[in-house]
Amino acid sequence: MKLNRTAHRVTEILRLLAESPEGLTLTEIGNELALPKASAFDIVQTLKKTHFLRESNRRYAIGFMAQEVGEAYSKGKDLYGATQPHLAVLADALNMAGSLVTYERGTLNYVIEHRPIGSIVNPVASSGMDFVHASSSGKSLIAFMPEARQRKALSLLTFKRFTDRTILNMVDFMEELERIRTRGYAIDNREFNELMTCVSTPIFRRNQAVATLTLSDLQVDPDAVPDIAERLLETARNIAAELAKDDE
């Protein structure tokens with residue numbers, strides 16, 4: 001894919017100044033990056049006006065908006081960094097595809113996907129909206145949402161049929177959410193795919209379900225689901241404990 005030249009220059013300037021805490025003049029920025037003076041001026045002034053850069057004594061340095069973006073990444077990185085090794089160990093041990101899934105505006109985002117060597121199952125998807133009600137990930141996340149957010153999530157469900165096992169109405173779905181809250185985990189019992197079973201349990205941070213861990217495989221023995229769920233619950237608790245330490 002061809003890079004946008006201006007956007008690329010913006011990232012180069014931000015990276016350069018991130019490595020120059022004392023700041024640089026406009027001339028120094030242009031010389032370091034071999035930028036025409038006019039181009040450097042336009043980009044730097046735009047970044048300054050949007051608070052990604054600050055100016056002092058004609059020297060430019062990273063501004064507070066760049067710091068806010070960096071801190072937002074760090075918060076996510078804590079979750080992903082804490083999850084990745086645990087998810088890989090668990091998925092490999094059970095030889096099941098593993099995922100870390102978040103929910104935003106009616107869409108599931110599979111932000112970490114781990115497929116063990118030899119596994120024949122890939123994680124379900126990189127993102128999606130129309131299968132939320134038929135997925136263990138979606139059910140797990142909605143079940144543990146705060147009430148106001150849950151109402152919004154429920155209003156976005158379409159109840160599209162994928163198999164004969166798919167839940168197709170709100171009454172049955174709400175009953176399923178109650179079962180999930182009681183046992184602590186959700187199951188997609190061949191509701192999205194005739195051959196696939198998925199099990200999910202939420203990860204809590206500051207008493208909020210911020211994501212869910214999911215394991216998926218083909219033709220899972222129903223009798224094995226409780227043991228799989230217990231391993232998932234234990235892993236989610238361990239991840240939550242690590243996140244709690246970071247929050248102290």
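Trainee: Which residue in E7 is the bridge partner of Asn-189?

Mentor: Thr-197 in E7 is the bridge partner of Asn-189. A word on the source: this is a predicted model, where local features need pLDDT of at least 70 and side-chain atom pairs count only at pLDDT 80 or more, while totals for chains, interfaces and linings use all residues. Residues are numbered from 1 along each chain as its sequence is written, and side-chain values use heavy atoms, leaving out hydrogens and water.

Trainee: What makes E6 and E7 a pair of strands?

Mentor: A strand is a DSSP run of E, at least two residues, and a helix is a run of H or I, at least four, both numbered from the N terminus. Two strands pair if DSSP finds at least two bridges between them. E6 (residues 186-189) and E7 (residues 196-205) are joined by 4 bridges, so they pair, and they run antiparallel.

Trainee: How many bridges link E7 and E8?

Mentor: There are 10, again antiparallel, with E8 spanning residues 208-218. Ser-200 stands opposite Thr-214 there. The two strands form a hairpin with 2 residues between them, and Arg-206 in the turn has a positive phi of about 55°.

Trainee: Why is E7 called mostly covered?

Mentor: Buried means under 20% relative accessible area (exposed is over 50%, partly exposed in between; 1.4 Å probe, protein chains only). In E7, 9 of the 10 residues are buried, so the strand is mostly covered.

Trainee: What makes a nonpolar core?

Mentor: Buried Ala, Val, Leu, Ile, Met, Phe, Trp, Tyr and Cys residues, joined through side-chain atoms within 4.5 Å. The largest one has 24 residues; Val-199 and Leu-215 are among those touching the most other members. H8 (225-247) gives the largest share, 8 residues.
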